[in-house]
Every structure is written in structure tokens, then in C-alpha cells.
Amino acid sequence: MYEFDIPNMTCGHCAGTVKKAIEQADPTASSNINVGTKKAKVESSAPPEAIAAAIVEAGYPTTYRAL
Ligand SMILES: [Cu+2]
């Protein structure tokens, strides 16, 4: 499980875009996205850098850490 910090994620639309990006990187990923804290918790078998790259590609700079 990794937690991604996504500072520019400010509304439900952003969260939807981020969720879509995560699912493109790994269709089997399960994610919990919180606009309030601007964090996304992601359980995935894909490498976190691949998830991060997809989120960045969608327009949201991000950093992550293992939980
Ligand atoms: Cu938004």
C-alpha cells in the first residue's frame, strides 16, 4: 500500500481524473482518494513509480511513500 500526495487535487473532478489514471496504470488497483487531505491510498501490484507516472501524466504532480 502506497500513499500518494497530490497537492493539486482540489475537487471531485480532480479525484475522478486521478482515479482514472490509477486504473489505467493498473486496472486491478484499489484506491481510496481523499480530496480533503489531497492524498490517495493505493493497493496495487504495479510498481508505485508506474502509478505515480500515470498520475503525473494526468496533470497532477505527486510524491508517494510506502505505508
Ligand atoms: Cu478539481
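**Chat notes on a predicted model**

User: Does the size fit a globule, or what radius of gyration does the chain have? Which value would a compact globule have with 67 residues?
Analyst: With 67 residues, a compact globule would come in near 11 Å, and the chain has 10 Å, which agrees. Bear in mind that this is a predicted model.

User: What does the C-alpha trace span along its principal axes?
Analyst: About 25 × 20 × 15 Å.

User: How much of the chain counts as buried?
Analyst: 24% of the 67 residues.

User: Next topic. In what order do the elements run from the N terminus?
Analyst: The order is β-α-β-β-α-β. That comes to two helices and four strands.

User: What share of the contacts with a separation of 6 or more links residues 24 or more positions apart?
Analyst: Those pairs account for 60% of them.

User: Let's look at helix 1. What should its 14 residues span?
Analyst: Helix 1 covers residues 12-25 and should span 20 Å at 1.5 Å a residue. Its end C-alpha atoms are 20 Å apart, so the two agree.

User: Which residues of helix 1 are buried?
Analyst: Val18, Ala21, Ile22 and Ala25.

User: What covers the buried residues of helix 1?
Analyst: The cover includes strand 2 (30-34), strand 3 (39-43) and helix 2 (48-57).

User: Now the largest nonpolar core. Which of its residues touch the most other members?
Analyst: Ile6, Val18, Ile22, Ile51 and Ile55, out of 15 residues in that core. Helix 1, strand 3 and helix 2 each supply at least two residues of this core.

User: Stay with isoleucine 22. What is it in contact with, leaving aside neighbours within four places in sequence?
Analyst: Isoleucine 22 is in contact with Ala29, Ser31, Val42, Ile51, Ala54 and Ile55. Two names there, Ile51 and Ile55, also came up among the core residues that touch the most other members.

User: Switching to lysine 38. Where is it found?
Analyst: In the loop between strand 2 and strand 3.

User: What is the phi of lysine 38?
Analyst: It is near 60 degrees, a positive value in a residue other than glycine. Most residues other than glycine have a negative phi.

User: How exposed is lysine 38?
Analyst: Lysine 38 is partly exposed, because 19 other C-beta atoms lie within 10 Å. The cut-off for buried is 20 or more.

Conventions: Residues numbered from 1 in each chain as written. Predicted model: local features only at pLDDT ≥ 70, side-chain atom pairs only at ≥ 80, totals over all residues. Expected span 1.5 Å × (residues − 1). Buried ≥ 20, exposed ≤ 12 C-beta atoms within 10 Å, placed from the backbone. Contact = placed C-beta atoms within 7 Å. Rg over C-alpha atoms; globule rule 2.2 N^0.38 Å. Core = buried A, V, L, I, M, F, W, Y, C linked by C-beta atoms within 7 Å.
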